[in-house]
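I opened my notebook to record what I looked up in this structure, one entry at a time.

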Amino acid sequence: MKECTSKILATAVLTALAAWSTPASAGFPFLTDDPGTQGIGKWEIDIFSQYARARADSAGAFAAVQVNYGLTDNFDLQAQAPWAFAQANGVGTNSGIGDAQAGFKFRFVDEDKDGWRPAVAFVPAVIAPTGSAPRGLGAGYTRAFLPVWLSKSFGELRSEEHTSELQSH
């Protein structure tokens with residue numbers, strides 16, 4: 001039991017140090033995800049916040065919600081809505097509705113647990129300009145993302161790969 005507690009503590013400390021020292025971009029609600037779906041008739045509701053800072057500017061979401069619904073075993077519908085904030089050059093903070101997102105996740109290849117084949121999903125999304133661009137709460141134009149996500153487990157290890165995004169103005 002003591003050995004297990006020591007491992008958990010060591011893992012927690014290393015994770016905290018890694019998170020403190022480097023920017024993160026993995027797992028919901030960040031920039032990546034995995035090809036897993038909810039399953040038919042199942043819901044997932046995530047409530048989160050985000051924060052980004054560059055020099056004297058900061059922006060993010062005080063609170064946001066993402067809802068996923070399993071339409072089939074390998075097809076999810078997704079929607080996301082944030083309550084955004086923005087502060088430029090340390091002068092006042094604007095807050096309000098941010099840009100809303102809608103999309104889906106279609107897992108078209110299942111992982112072969114004993115072989116080489118990864119799970120693969122196509123996860124397009126459209127982000128609508130529902131936030132005020134002049135106030136820094138939105139982009140002011142529609143954006144489209146067309147990522148493909150791959151994931152493969154090797155025993156206790158899991159590798160996830162993601163394509164880059166496509167944006168349109």
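This is a predicted model: local features need pLDDT of at least 70, side-chain atom pairs count only at pLDDT 80 or more; totals for chains, interfaces and linings use all residues.

**Entry on ring pairs.** I looked up the aromatic pairs and found that the structure holds seven. One of them joins tyrosine 51 and phenylalanine 85, whose rings are stacked at 6.1 Å centre to centre with 20 degrees between the planes. Because tyrosine 51 lies in strand E1 and phenylalanine 85 in strand E3, this pair ties together parts that are 34 residues apart in sequence. I noted that tyrosine 51 is exposed, with a relative accessible area of 53%, whereas phenylalanine 85 is buried, with 9%.

I then turned to phenylalanine 75 and phenylalanine 104, which form a stacked pair with 5.0 Å between the centres and 20 degrees between the planes. This pair links distant parts of the chain, since phenylalanine 75 is in strand E3 and phenylalanine 104 is in strand E5, 29 residues apart. Both residues belong to a cluster in which ring pairs link Phe75, Phe104, Phe106, Phe108 and Phe122.

**Entry on tryptophan 83.** I found tryptophan 83 in strand E3, which spans residues 75-88, and at 42% relative accessibility it counts as partly exposed. Leaving out residues up to four places away in sequence, tryptophan 83 touches Ala61, Phe62, Ala63, Ser95, Gly96 and Ile97.

**Entry on glycine 36.** Where is glycine 36 found? I located it in the loop between helix H1 and strand E1. The C-alpha atoms of glycine 36 and serine 151 are separated by 8.8 Å, although these residues are 115 residues apart along the chain.

Terms used: Residues are numbered from 1 along each chain as its sequence is written. Side-chain values use heavy atoms; hydrogens and water are left out. Helices (H or I, at least four residues) and strands (E, at least two) are DSSP runs, numbered from the N terminus. Buried means under 20% relative accessible area, exposed over 50%, partly exposed in between (1.4 Å probe, protein chains only). Contact means heavy atoms within 4.5 Å. Rings of Phe, Tyr and Trp (its six-membered ring) pair if their centres lie within 6.5 Å; planes under 30 degrees apart count as stacked, over 60 as edge-to-face and the rest as tilted.
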